[in-house]
Amino acid sequence: MNSRYPPVSLIGAPTDIGAGHRGASMGPEALRIAGIGAALSSRGVDVIDRGDIVGPRNPWLPPVDGYRHLNEVLAWNRAVMDALSDEFRAGRLPILLGGDHCLAIGSLSAVARHCRETGKKLRVLWLDAHSDFNTHEVTPSGNIHGMPVACACGLGPDVLTGLGGHVPAMRPDQIRQIGIRSVDPPEKRLIKQYGLDVYDMRYIDEVGMKRTMEAALDGVDADTHLHVSFDVDFLDPSIAPGVGTTVPGGPNYREAQLVMEMIADSGRMGSLDIMELNPALDSHNRTAELAVDLVESLFGKSTLMRD
Ligand SMILES: [Mn+2]
């Protein structure tokens with residue numbers, strides 16, 4: 001077994017309850033079919049598949065008071081938080097197989113609570129085309145997958161912001177967002193107001209991915225729990241078409257590999273979300289296969305001859 005990594009638990013969360021397109025509910029199975037478990041085992045990682053979390057079905061209703069499916073979103077996120085908390089207590093590294101990105105409210109709540117309980121420093125890397133910092137006042141759609149970062153920072157409905165028992169679950173300065181290229185104008189104002197650290201595509205174009213990641217990982221040390229929330233729409237749609245909210249101009253294959261390799265080099269990743277994979281919009285499961293390829297890099301598989 002590869003002693004560099006703690007034992008890993010795969011947790012499926014098959015729902016699209018917070019999304020604007022149906023289909024992310026099939027993400028966990030697509031990742032399994034693309035071989036995520038075997039890929040980790042072949043890296044020498046001890047991996048268990050815990051199967052799927054069970055939650056309410058998607059009623060596909062319009063928003064109420066700016067939120068779509070709030071009760072169902074809450075039920076799913078409670079279940080996600082509990083599942084991840086169990087893994088942290090067991091000393092394992094949970095990989096959440098989404099599912100849409102609203103489920104990060106549950107994973108961020110669990111991670112933040114784990115860090116409070118163990119005295120670890122928290123750093124969240126949010127790999128995404130979007131900032132996901134909407135609120136019910138400014139959201140154009142009411143889809144809660146556009147709100148998880150705001151909720152983690154205490155901005156949102158009490159039931160979601162208070163999920164982990166501490167409001168806010170985390171401070172904006174514990175979060176680094178990478179790959180951002182689509183932000184609604186009122187969301188932009190909130191991001192400025194809260195001082196969120198955003199490395200958008202303009203920044204990456206100007207300074208390069210290596211320096212971007214050095215900045216995003218700056219200060220991560222042996223006491224840091226690094227949580228990686230990987231929205232598959234982070235990637236350029238030309239290589240990753242299987243998502244509901246594609247935005248052109250994202251990181252290419254080599255840039256994405258570099259992101260994952262530099263996270264692996266830090267040696268501090270303690271939890272991972274793989275979110276928004278939508279097999280209904282994919283082509284021959286290639287986006288799932290790419291995601292698995294990138295996960296291998298997160299666990300130390302270098303494309304270069306460095307071992
Ligand atoms: Mn997202």
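**Figure 1. His-130 in the loop between strand S4 and helix H5 of the predicted model**. This loop connects strand S4 (121-127) to helix H5 (148-152), and His-130 is found within it. His-130 is buried, because 25 other C-beta atoms lie within 10 Å, against a threshold of 20 or more. Residues up to four places away in sequence aside, His-130 touches Gly-146, Ile-180, Ser-182, Val-183 and Thr-245.

**Figure 2. The residues annotated as "binding site" in UniProt**. The unreviewed UniProt entry places this feature at His-101, Asp-128, His-130, Asp-132, Asp-231 and Asp-233. Although these residues span 133 residues in sequence, no two of their C-alpha atoms are more than 12.0 Å apart, so they gather at one spot.

**Figure 3. Asp-233 and its contacts**. Asp-233 lies in the loop that runs between strand S7 (224-231) and helix H10 (253-266). The residue is buried, with 28 other C-beta atoms within 10 Å. Not counting residues up to four places away in sequence, Asp-233 touches Asp-128, Ala-129, Val-243, Thr-245, Thr-246, Val-247 and Glu-276. Among these, Asp-128 is in contact with Asp-233 and also belongs to the "binding site" feature recorded by UniProt. Thr-245 is one of the residues touched by Asp-233, and Thr-245 is also touched by His-130.

**Figure 4. Asn-134 in the loop between S4 and H5**. Asn-134 counts as buried, because 29 C-beta neighbours lie inside 10 Å.

**Figure 5. The open sheet of 8 strands**. The strands follow the order S2-S1-S3-S8-S7-S4-S5-S6, with parallel pairing. Strand S2 (47-52) and strand S6 (197-200) form the edges, each pairing on one side only. From one strand to the next, the twist averages 15°. Strand S1 (residues 8-13) and strand S3 (residues 93-98) run parallel and are joined by 6 bridges. In this pair, Ile-11 stands opposite Leu-96 in S3.

**Figure 6. Helix H11 and its surroundings**. Helix H11 (residues 286-298) has 13 residues, and the distance from its first C-alpha to its last is 18 Å, close to the 18 Å expected at 1.5 Å a residue. Of the 13 residues of H11, 10 are buried, so the helix is largely enclosed by the rest of the structure. The buried residues are Thr-287, Ala-288, Leu-290, Ala-291, Val-292, Leu-294, Val-295, Glu-296, Ser-297 and Leu-298. They pack against helix H1 (27-33), helix H2 (36-42), H10 and strand S8 (269-275). After H11 comes Gly-300, whose phi is positive, near 90°.

**Figure 7. The contact of H10 with H11**. The two helices pack at an angle of about 30°, and their axes are 7 Å apart. H10 contributes Ala-256, Gln-257, Met-260, Glu-261, Ile-263 and Ala-264, which meet Leu-294, Ser-297 and Leu-298 in H11. The residues of this contact divide into 6 nonpolar, 2 polar and 1 charged. Leu-294, Ser-297 and Leu-298 of H11 are also among the buried residues of that helix.

Definitions and conventions. Residues numbered from 1 in each chain as written. Predicted model: local features only at pLDDT ≥ 70, side-chain atom pairs only at ≥ 80, totals over all residues. UniProt positions renumbered as here; feature names shortened; annotations may be inferred. Helix = DSSP H or I, 4+ residues; strand = E, 2+ residues; numbered from the N terminus. Buried ≥ 20, exposed ≤ 12 C-beta atoms within 10 Å, placed from the backbone. Contact = placed C-beta atoms within 7 Å. Pairing = 2+ DSSP bridges. Axes fitted to C-alpha atoms, helices over the stretch in contact; angles between N-to-C directions. Expected span 1.5 Å × (residues − 1). Nonpolar A, V, L, I, M, F, W, Y, C, P; charged D, E, K, R; others polar.
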